Amino acid sequence: HGTPPVADNHSKTLPPQADKTEAEARAQEIITRGCTTLMVRNLPNKLTPAMIVECINELGYDGKYDYLFVPIDTNAPGWANRNLGYCFLNLVSPETAAQFCLQAYGFSFRQAISSTKTSKISIAEEQGVLANLRRIARAANSKDHRTPKPNTYPYVRANGVIAPMSPTAALMCLDPDHEQEAEDTSSTSSP
C-alpha cells in the first residue's frame with residue numbers, strides 16, 4: 001500500500017553515478033597503460049577465496065583470468081582466516097581488465113549477506129601473474145613465519161584449470177627457469 005519497497009543491496013543493481021564515472025576513468029587508464037592486474041578493494045571480510053572465485057565466474061569471467069590472490073589474516077584472534085578486504089586479479093588482456101573494472105566497480109558481492117560494502121577497483125603495482133607470484137614468494141621467504149597454509153595460496157591457472165597453488169609450485173609450473181635464474185647469475189660459463 002503506502003510503504004516503499006525494501007532496498008535490496010545484494011542484487012545486481014547499477015552502481016551510483018560517482019562509481020560509474022570513476023570506473024570509466026579507471027577503465028580508460030587500464031587500456032592506456034596496458035594493465036591486466038587489478039586490485040579489488042572493499043571486499044567483505046567474510047568472503048573466502050573460493051567464494052570470490054565463484055563471484056568472478058558468475059560475473060562472466062570464468063577462463064578470463066589466470067591469477068587471484070586474496071590475502072588472509074591468519075593471526076588475528078576471532079578473525080582467523082578472514083580476508084583483509086582486498087584481492088589481486090590478473091585478467092587475460094587489458095580489454096578484459098577494463099571490462100571487469102566497468103562491471104565490478106561498485107559491485108556488491110552476494111555471498112556476504114550482511115555486508116553493504118561495494119567493491120572499488122585500482123591498478124595493481126605489480127603487473128602479470130609471474131611478477132605477482134615472485135612478489136608473494138619473496139615476501140614468504142623474507143618473513144620469519146611458518147610455511148603458508150593452503151587456504152592462503154593464490155589461485156593460479158595451470159593446464160587450463162584455476163586452483164590454489166603454492167607460489168613456488170606455480171612458479172615452477174609457469175616459469176620453469178625461475179630457479180635457475182638465481183644460479184645462472186652466479187656461474188655463467190660460455191660453451
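In the predicted model, helix H5 (residues 167-174) has Pro167, Ala170 and Leu171 as buried residues, where buried means under 20% relative accessible area, exposed over 50% and partly exposed in between, with a 1.4 Å probe and protein chains only. Helices (H or I, at least four residues) and strands (E, at least two) are DSSP runs, numbered from the N terminus. Viewed down the axis of H5, the buried residues fall within an arc of 100°, so they line one face of the helix; the arc is that of the directions from the helix axis to the C-beta atoms. An α-helix has 3.6 residues a turn, so residues three or four places apart point the same way. Cys173 also lies in helix H5, and at 37% relative accessibility Cys173 counts as partly exposed. Leaving aside residues up to four places away in sequence, Cys173 touches Ala158 and Met165, a contact being heavy atoms within 4.5 Å. The C-alpha atoms of Cys173 and Ala158 are 7.3 Å apart, although 15 residues separate the two in sequence.

Ala158 belongs to strand S7 (residues 155-158), from which Tyr155 and Arg157 point one way and Val156 and Ala158 the other way, and all are buried. Two strands pair if DSSP finds at least two bridges between them. Strands S7 and S8 (residues 161-164) pair in the antiparallel sense over 4 bridges, and Val156 has Ala163 as its bridge partner in S8. These strands, S7 and S8, form a hairpin with 2 residues between them, and Asn159 in the turn has a positive phi of about 55°. Strand S2 (residues 65-69) is joined to S7 by 2 bridges and runs antiparallel to it; here Leu68 has Tyr155 as its bridge partner in S7.

Leu68 and Phe100 have the most contacts inside the largest nonpolar core, which has 33 residues. A nonpolar core is a set of buried Ala, Val, Leu, Ile, Met, Phe, Trp, Tyr and Cys residues joined through side-chain atoms within 4.5 Å. Helix H2 (49-61) is one of the elements that give two or more residues to this core, and the largest share, 6 residues, comes from H2. Apart from this core lies another, of 13 residues, among them Phe88, Val129, Met165 and Leu171. Beyond residues up to four places away in sequence, the residues that Leu68 touches include Ile52, Val53, Phe88 and Tyr155.

Cys35 is buried, with a relative accessible area of 4%, and Cys55 is buried at 2%. The count of disulfides comes to 0, a disulfide being a pair of cysteine sulfur atoms within 2.5 Å.

The mean pLDDT of the protein chain is 79, and 74% of its residues reach 70 or more. Confidence is highest in strand S5 (residues 86-91), at a mean of 96, and lowest in helix H6 (residues 178-186), at 44. Over residues 2-14 the pLDDT is below 50, and this stretch has 10 contacts in the model beyond near neighbours in sequence.

Residues are numbered from 1 along each chain as its sequence is written, and side-chain values use heavy atoms, with hydrogens and water left out. As this is a predicted model, local features need pLDDT of at least 70 and side-chain atom pairs count only at pLDDT 80 or more, whereas totals for chains, interfaces and linings use all residues.

Terms used: pLDDT is the predictor's confidence in each residue, from 0 to 100.
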